[in-house]
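Me: Please take a close look at one part of this model, and give the cut-offs as you go.

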Amino acid sequence: MKNISSREPADKLIFALDAAGYEEALSWIELLSGHVGMFKVGKELFTSVGPKIVESIKQKGSRVFLDLKFHDIPNTVARAAEAAVGLNVDMFNIHASGGARMIRETVDAVAACAEKRGIESPVVLAVTVLTSLNNSDLAEIGFETTTNDLVLRLAKMAQKSGASGVVASPQDIVALRRDLGEDFVIVTPGIRSADEPVKDDQKRTLSAFEAIQAGADYIVVGRPIRQAKDPLTACRRISQEIADGLACQNSI
Ligand code: C5P
């Protein structure tokens with residue numbers, strides 16, 4: 001698996017490259033390469049621009065988190081995952097609710113495909129429960145459980161099936177770290193400054209400092225950098241918060 005376990009603060013910052021098109025995405029890559037650890041390419045950008053956005057990030061020497069949340073029958077997800085290996089992404093994700101067999105077949109296919117190509121496997125992350133769902137949404141779908149319990153249950157199954165980590169909401173970090181151990185990768189979006197009121201759609205937020213202190217390995221940040229007056233300064237401020245969070249982790 002790719003060695004992404006740097007303790008360099010900026011390496012723990014994943015920038016959500018939620019740009020409208022290729023040119024805008026390129027300008028963000030130009031500005032932030034070397035200042036963030038990874039660029040997250042999601043469904044919108046990948047669907048409109050395609051694999052060339054991954055190549056452009058790689059050409060700059062930066063890492064890629066392909067956030068396409070694969071969810072299908074095991075064979076289809078395994079083949080899509082091989083295509084992600086072919087793009088040499090560093091991290092990608094699948095839905096844990098696709099089941100243990102889907103996860104296991106994907107992880108095995110990724111390892112075999114990477115070996116064949118002579119490259120390291122990307123980190124396979126599992127998405128547990130979308131943060132847009134609450135307990136009553138789960139009841140409506142037919143799950144008789146709470147989001148907190150289902151997150152832990154799916155994360156444990158994902159770990160047992162070979163996934164390297166999870167994407168988790170800020171409120172789940174502590175329980176996941178406690179139950180899944182130190183080596184399981186936790187990636188956390190929903191990061192907002194502790195000093196400013198949240199003005200957008202993120203509800204369950206933590207600051208970068210709090211998320212890292214709680215045990216997140218990586219934080220995903222989009223709008224707090226994209227919409228800042230000076231994005232590079234915002235980026236440096238968040239890296240400093242990560243450094244402070246790491247120092248507090250060490251002192252626990
Ligand atoms: O702009 P913001 O910092 O909210 O960006 C967070 C990124 O993480 C977005 O790309 C969003 O789609 C993604 N994300 C999230 N919550 C999740 C999973 C992914 O905000 N549970």
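Reply: Three aromatic pairs occur in this predicted model. Pairing here means ring centres within 6.5 Å for Phe, Tyr and Trp (its six-membered ring); planes under 30 degrees apart are stacked, over 60 edge-to-face, the rest tilted. Phe15 and Trp28 form a tilted pair, with 5.6 Å centre to centre and 45° between the planes. Phe15 belongs to strand S1 (residues 13-16) and Trp28 to helix H1 (residues 22-32). The two are 13 residues apart, and their pair links distant parts of the chain. Helices (H or I, at least four residues) and strands (E, at least two) are DSSP runs numbered from the N terminus.

Now the ligand. Its shell (a heavy atom within 4 Å) includes Ala16, Thr131, Pro189, Arg192, Gln202 and Pro224. Strand S8 (218-221) and helix H10 (223-226) each supply at least two shell residues. By class, five shell residues are nonpolar, three polar and four charged; Gly counts as polar, Pro and Cys as nonpolar, and Asp, Glu, Lys and Arg as charged.

Polar contacts pair N or O atoms within 3.5 Å. A polar side-chain atom of Asp18 lies 2.7 Å from a ligand oxygen. For Lys40, a polar side-chain atom is 2.8 Å from a ligand oxygen. Gly222 uses a polar backbone atom, 2.8 Å from an oxygen of the ligand. Of the 460 Å² of accessible area (Shrake-Rupley, 1.4 Å probe) that the ligand has on its own, the protein covers 81%.

Numbering starts from 1 along each chain as its sequence is written, and side-chain values use heavy atoms, without hydrogens or water. Local features need pLDDT of at least 70, side-chain atom pairs 80 or more, while totals for chains, interfaces and linings use all residues.

Key
A polar contact is a pair of N or O atoms within 3.5 Å; within protein, one must be able to donate a hydrogen and the other to accept it, and residues adjacent in sequence count only if both atoms are side-chain atoms.
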